[in-house]
Amino acid sequence: MKILITGGAGFIGSNFVYYMLKKHPDYDLVCLDALTYAGNLKTLDEALKNERFTFVKGDIADRELVFELFAKEQFDIVVNFAAESHVDRSIEDPGIFLKTNILGTQTLMDACRKYGIKRYHQVSTDEVYGDLPLDRPDLFFTEETPIHTSSPYSASKASADLLVQAYHRTFGLPITISRCSNNYGPYHFPEKLIPLMIANALNDKPLPVYGEGLNVRDWLYVEDHCKAIDMIIHDGKVGEVYNIGGHNEKTNIYIVKKILELLGKSEDLITFVTDRKGHDLRYAIDPTKIKNDLGWEPDTMFDDGIVKTVNWYLENREWWETILRGEYQNYYEKMYGKRDII
Ligand code: NAD
Ligand code: TYD
């Protein structure tokens, strides 16, 4: 079996590479990644030592490069993680989100049509459903919840998600789609809530909480996401959408306080800042379908996962400190320098 993993130098994609190398000792994996600011070859150091793993630098929207790669490798399965993934960046500059997330997906699927494929899997997101109200804890996203997006990021992911369904219906492409809740764990780029707060706390810098910190996310340890995708590409039904989430809903302020507690740092570091534009209130997944149809359940609950994650950041300081020393400083100043303290 030969699998193309796009975006494998990013957070979830790299975790998936390691998960698959371990789980399937007879599979060959090829990673296609453009190495944007979010891609990091250091993350793949160990994988690169494995002869079953190949890395190719390239853009999923580069038709010539993608078609050449498909012609050469004759993939059995494609798992598309490659994307621009940060909501705040999409608010500043939507264009690249449309190019990578929509046109990149189209390019990959066109190559699948031309060269043949057993399965194309699209890594979508629960953000395609928009948000749920904070005062209705009884409501959850099911696969039937209407698509209703809020940010340029989620709109681009929803467009791709719909395009994947269209390629199935129109061209008979054998696809599956997963819509997962927020992930956390090793190799998470420090622009996102959990790694950003860990890094700032360790550097005794203010922790910028948007608004009142009452927005809710449904956190899933990244390895559980990888396990779900592995199950879907092998046993999932062609044409189907699967929600992935483990009922670990937490407010942002709970998470920030938990990180400070684990690191033994003062809550005085918490700084409430201007809210994100269009900020989604609550995400919450109903995972009944993937549980009933494929037997998937998460192995790691939040209280254990957050300890593992904090420890990983403590033990791998070089990985994230290198990022913090680079272009990230300009990003941080641009994003947070102008945010008022409230
Ligand atoms: P990430 O930003 O950490 O990594 C994205 C990777 O894609 C990087 O390695 C980057 O270099 C690569 N990439 C970007 N543009 C590319 C292009 N044009 N061609 C080739 N490679 C390109 O993202 P992540 O958090 O690992 O998310 C991976 C996927 O999972 C995304 O599709 C995202 O929408 C989805 N997802 C993420 C979460 C989450 O909580 N992080 C939750 C649900 C779904
Ligand atoms: P994020 O990690 O960007 O994921 P997403 O927006 O895709 O859910 O943000 C998670 C939550 O944390 C979200 O409600 C926004 C909030 N947040 C902050 O309060 N401060 C921050 O500096 C960041 C990056 C996020």
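Which residues line the second largest pocket? In this predicted model, local features need pLDDT of at least 70 and side-chain atom pairs count only at pLDDT 80 or more, whereas totals for chains, interfaces and linings use all residues. Residues are numbered from 1 along each chain as its sequence is written, and side-chain values use heavy atoms, with hydrogens and water left out.

The lining of the second largest pocket consists of Ser14, Asn15, Tyr18, Tyr19, Lys22, Pro186, Tyr187, Tyr221, Val222, Glu223, Cys226 and Trp312. A pocket is here an open set of points on a 1 Å grid over the protein atoms alone where a 1.4 Å probe fits, with protein on both sides within 12 Å along at least five of seven lines; lining residues have an atom within 4 Å of a point. The volume of this pocket is about 270 Å³, taken as the space filled by probe spheres set on the points. Helix H1 contributes most to the lining, with 5 residues, and helix H8 (222-235) also supplies at least two.

Ligand 1 is surrounded by 28 residues, the closest being Ile12, Asp33, Ser85, Tyr153 and Lys157; a residue is counted if one of its heavy atoms lies within 4 Å. H1 (11-23), strand E5 (119-125) and helix H6 (152-171) each supply at least two residues of this shell. Oxygen atoms of ligand 1 lie 2.7 Å from a polar side-chain atom of Lys157 and 2.8 Å from a polar backbone atom of Asn183. Of the 830 Å² that ligand 1 exposes when taken alone, the protein buries 96%, by the Shrake-Rupley method with a 1.4 Å probe.

Key:
Chains are lettered from A and ligands numbered from 1 in the order in which they are written. A polar contact is a pair of N or O atoms within 3.5 Å; within protein, one must be able to donate a hydrogen and the other to accept it, and residues adjacent in sequence count only if both atoms are side-chain atoms. Helices (H or I, at least four residues) and strands (E, at least two) are DSSP runs, numbered from the N terminus.
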